[in-house]
Amino acid sequence: MSEQSISRRALLAGAAAAAGGALLGGPAADAQQAPVVPADPTKQPGAPVTAVGARSPFVHPERAPVGQITGTALTPLQDLAGTITPADLHFTRIHNGVPAIDPARHTLLIHGMVEHPLELTVAELQRFPSVSRVHFIECSGNGRAAYHTPSPAMTPQQVDGMTSNSEWTGVPLSTLFHEVGLRHDADWFLAEGGDASLLARSIPVSKGMDDAMIAWAQNGEPLRPEQGFPIRLLLPGWEGNTNVKWLRRIKLGRAPFMTRWETAKYTDPLPGGKIRQFSFEMDAKSIITSPAYPERLSGPGWWPVRGLAWSGRGRIARVDVSTDGGRTWENATLLSPLTAKAHVRFEYMWQWNGNNSLLMSRAVDDQGYVQPTMSELLAVRGPGTDYHYNAIRAWAVARDGTVTFEART
Ligand SMILES: Nc1nc2c(c(=O)[nH]1)N[C@H]1C(S)=C(S)[C@@H](COP(=O)(O)O)O[C@H]1N2
Ligand SMILES: [Mo]
């Protein structure tokens with residue numbers, strides 16, 4: 001990259017930050033890049049049809065990549081509306097790159113404690129009865145940076161961008177389990193990916209019989225390579241890591257297989273030297289995505305406070321919004337549909353009086369679980385905790401309208 005392009009890039013980032021602008025995202029505000037538009041678009045024909053559509057040249061949402069072969073790319077939560085994450089903006093977490101897999105050669109082997117071991121091609125999998133369901137996937141490391149290295153200048157994307165929500169199509173795992181015939185004492189299964197990290201996780205058979213699926217499509221099209229093309233395991237509501245991508249093998253067994261992904265990683269240290277293993281379900285959580293850094297409110301008046309809420313245990317029952325740092329709470333409006341284990345959009349109309357304000361959201365799920373403050377979470381987990389942050393998020397609005405991330409709640 002030339003020095004020139006680096007400085008141009010920095011310039012674009014600066015312009016975008018200064019302009020803020022929810023729902024635009026990226027370097028949209030740069031004058032040099034502004035698309036040419038006629039004074040009156042009704043006076044001349046527009047652009048011709050194309051084979052593949054593209055976003056408006058005024059709209060540039062971008063994921064934020066962190067790392068490379070072992071890395072992640074964060075969803076720009078602040079640039080999205082509704083609940084579905086566009087496939088090319090779904091966050092991704094990869095441990096040894098995105099493998100190139102030929103769907104014609106890829107197979108799924110189901111073996112171990114089963115009556116009839118089976119190896120299925122992708123085409124064979126797709127002949128089973130299918131289901132389409134909307135669910136979020138959230139990395140259990142989501143929010144870790146906002147805990148360990150918080151900064152007022154963090155966007156929703158940087159705070160909690162490792163969660164995304166899609167419509168997934170695939171075959172229920174229970175169907176395949178009936179097909180192979182599970183031995184009566186097969187209580188766990190190993191799910192193994194076909195990438196160079198050979199990621200593998202142990203999952204209770206009960207989840208496999210409940211709502212697990214082998215997904216091959218996402219938002220109406222085949223999975224993206226980063227989401228596991230051609231097939232992935234989808235475990236609705238469970239920590240991202242268990243949703244094994246590029247799935248190639250399922251082995252039934254009596255007990256957990258104790259892979260390094262569930263012993264050395266993804267465990268939760270608790271106070272008193274204890275470690276919690278297999279924290280599968282993602283607890284209820286929410287984040288206000290607007291107003292948020294780097295937005296700036298132009299003045300007092302009505303402002304929509306908008307955001308996302310989700311729970312790995314079921315449906316979101318309620319989202320409360322506070323504009324005074326948690327002293328008082330109001331009910332936000334939940335925008336339907338209220339799908340279980342899926343992102344839900346909430347909105348609260350706020351009349352800003354121009355004073356310093358601290359905006360917070362608090363999710364409550366249908367199990368009665370209430371999203372905790374950071375101090376409540378740490379009281380249970382201890383300060384050494386490293387995964388599964390779901391504390392209440394806060395944004396400070398100053399008199400000049402600037403909005404910054406407030407880590408302590
Ligand atoms: N085979 C394989 N599966 C994987 C991973 C991986 O690196 N390899 N990453 C896991 C982690 S840590 C997460 S959070 C989710 C992310 O899914 P996504 O990239 O579709 O958002 O995939 C999981 N499945
Ligand atoms: Mo993850």
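Modeller: A charge sits over a ring if NZ of Lys or CZ of Arg is within 6 Å of the ring centre and within 35 degrees of the ring normal. Keep in mind that this is a predicted model.

Biologist: Thanks! Which residue lies over the face of Trp-329?

Modeller: That is Arg-362, at 4.1 Å from the ring centre. There is another case to look at: Trp-261 has the charged end of Arg-260 over its ring, 4.3 Å from the centre.

Biologist: And how should I read two rings side by side?

Modeller: A pair of aromatic rings is described by the distance of the centres and the angle of the planes. This structure holds ten such aromatic pairs. One of them joins Trp-188 and Phe-280, with 6.5 Å from centre to centre and 50 degrees between the planes, so the pair counts as tilted.

Biologist: Where in the chain do Trp-188 and Phe-280 lie?

Modeller: They come from distant parts, 92 residues apart: Trp-188 is in strand 8 (residues 188-193), while Phe-280 is in the loop between strand 15 (275-276) and strand 16 (285-290).

Biologist: Are Trp-188 and Phe-280 buried or exposed?

Modeller: Both are buried. Trp-188 and Phe-280 also belong to a cluster linked by ring pairs, together with Trp-238 and Phe-278.

Biologist: Now the ligand. How many residues surround ligand 1?

Modeller: There are 21, and the closest are Phe-91, His-95, Asp-195, Arg-232 and Lys-245. For polar contacts, look at the side chains: oxygen atoms of ligand 1 lie 2.8 Å from an N or O atom of His-95, 3.1 Å from one of Gln-227 and 2.7 Å from a polar atom of Arg-232. On its own, ligand 1 has 530 Å² of accessible area, and the protein covers 100% of that.

Notes: Residues are numbered from 1 along each chain as its sequence is written. Chains are lettered from A and ligands numbered from 1 in the order in which they are written. This is a predicted model: local features need pLDDT of at least 70, side-chain atom pairs count only at pLDDT 80 or more; totals for chains, interfaces and linings use all residues. Side-chain values use heavy atoms; hydrogens and water are left out. Rings of Phe, Tyr and Trp (its six-membered ring) pair if their centres lie within 6.5 Å; planes under 30 degrees apart count as stacked, over 60 as edge-to-face and the rest as tilted. Helices (H or I, at least four residues) and strands (E, at least two) are DSSP runs, numbered from the N terminus. Buried means under 20% relative accessible area, exposed over 50%, partly exposed in between (1.4 Å probe, protein chains only). A residue is near a molecule or strand if one of its heavy atoms lies within 4 Å of it. A polar contact is a pair of N or O atoms within 3.5 Å; within protein, one must be able to donate a hydrogen and the other to accept it, and residues adjacent in sequence count only if both atoms are side-chain atoms. Accessible areas come from the Shrake-Rupley method with a 1.4 Å probe; for residues, only the protein chains shown count as cover.
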